[in-house]
Amino acid sequence: MEILFSRFSALFLFLLSWTIFTTTEAYDALDPTGNITIKWDILSWTPDGYVARVTIFNYQQYRHIQAPGWQLGWTWLKKEVIWNMVGAQATEQGDCSKFKGDPPHCCKKTPTVVDMLPGTPYNRQISNCCRGGVVSSWAQDPTTAASAFLISVGQSGTTNTTVRAPRNVTLKAPGPGYTCGPAKIVAPTTFFTDDKRRKTQAMLTWNMTCTYSQFLAKKTPTCCVSLSSFYDKTIVPCPTCSCGCQNNSHTGTCVDQKIASVIQASSGKNNHEELLQCTQHMCPIRVHWHVKTNYKEYWRVKVTITNFNYNMNYSQWNLVAQHPNFDNVTQLFSFNYKPLSPYYGINDTAMLWGIKFYNDMLSQAGPLGNVQSELLFQKTLSKFTFEKGWAFPRRIYFNGDNCVMPPPDAYPWLPNATPKLVTSPFIILLISCFSVLILM
């Protein structure tokens, strides 16, 4: 009976832990309040609908929307159509055959909208549009952390009580990964004129909140971490098959480094499809943390980010690292730095990114496919040690995705205090002779 009860308890705890894991998948401990908020402001009514300004706010500290940009979709509740758009466009027009004269911009029940590209004529632009769907993270550049467009909707309600919010909102940024909640009525957004002397407000405002899940974005990780130090000759590589294995068809194509340049030239650059260099970890990105030097009052780390994807440039990349000595970081030599404090009073998390027009573009795999910097830390004598892997990061994120770390027992260790005994053939022979003499 006791054995049966123990088995039942173990099964119950397993199911409970699995439930907790799946429901908290979208929670990010380093950015607990990060989300993307879509604000739908109805600015004016028209004879058969309304004109609205739709704004995508990226309130995530370090996760940005990279090329080829966001795609926003939804389902109309009634028979709405899109008459016109400024700053964005629907990817398909749909069946507009029942309309006489100029047809609507889009008649689909489930439209998909994308941002306009840079260089769009000024009469088709509004503020915060036309960047190809690329949106910066909030901590990296708040001035470009939003994207907006105007939309004229017809065959909808013309009052607050008859109009209906779009349903089943989906956000691809650029792939899957975001789950959006239903639209909620919030306090109307207020606007100021250019001279700041007059304030107006929206007729009605809806908010939709979208949260990110790395598991939904991709079934396998996208980056891994390798480690080394000056006090140990061992270089700890990324764990084998960190992001998939070469014989696994789900990881895409991998090519040998010698023939990659030929394939890359024929396929073209920046097509955003994975063409990975064949490695034992099969990750598009590897982050290497090297403990370089030890001074009396300081110690130095070199961080190198290597791109193994022959078809992808990572623009506006960023790296987030967690280490207890970030509260005493003294100098960075070629990266930007910003402290992140997800927990009150604890400064152990840093965001690093490239300097604009210098190394903010992480090029495709090859000789130039890496960026690197050195970090100088001041020692906190009460905490500082090289023992038990303390000098290595607790976790690392690249572009908002958690990277695979090596197992702790594989970290470089300090050499033993006593030298290792070298067992030579002469010593073995001498011990054997003494053993024979003792037996005799």
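**Reading a predicted model, feature by feature**

Mentor: Let's start with a link: Cys223 and Cys403 form a disulfide, with sulfur atoms 2.0 Å apart; a disulfide here is a pair of cysteine sulfur atoms within 2.5 Å. The torsion about its S-S bond is -95 degrees, and the link is left-handed.

Trainee: Which parts of the chain does the pair link?

Mentor: Distant ones, 180 residues apart: Cys223 is in strand E14 (residues 223–229), and Cys403 is in the loop between E28 and helix H4 (425–439). Helices (H or I, at least four residues) and strands (E, at least two) are DSSP runs, numbered from the N terminus. The whole structure holds eight disulfides.

Trainee: What should I know about the model itself?

Mentor: This is a predicted model, where local features need pLDDT of at least 70, side-chain atom pairs count only at pLDDT 80 or more, and totals for chains, interfaces and linings use all residues. Residues are numbered from 1 along each chain as its sequence is written, and side-chain values use heavy atoms, leaving out hydrogens and water.

Trainee: What is the average pLDDT of the protein?

Mentor: pLDDT is the predictor's confidence in each residue, from 0 to 100. The protein averages 86, and 84% of the residues score at least 70.

Trainee: How do I read a sheet, and in what order do the five strands run here?

Mentor: Strands of a sheet pair through backbone hydrogen bonds, either parallel or antiparallel. Two strands count as paired if DSSP finds at least two bridges between them. Here an open sheet has the order E23-E24-E21-E27-E28, with antiparallel pairing. Strands E23 (335–340) and E28 (401–402) are at the edges with a single partner strand each, so one side of each has no neighbour in the sheet. Further in, E21 (residues 318–322) and E27 (residues 395–398) pair over four bridges, and Val320 stands opposite Tyr397 in E27.

Trainee: Which backbone values deserve a second look?

Mentor: Most residues other than glycine have a negative phi, and most peptide bonds are trans. In this model the bond from Ala67 to Pro68 is cis, with omega near 10 degrees; Pro68 lies in the loop between strand E2 (49–58) and strand E3 (71–75). The bond from Ala173 to Pro174 is cis too, with omega near -10 degrees, and Pro174 sits in the loop between strand E8 (167–172) and strand E9 (178–180). Met282, a residue other than glycine, has a positive phi near 60 degrees, and its place is in the loop between strand E17 (275–277) and strand E18 (285–294).
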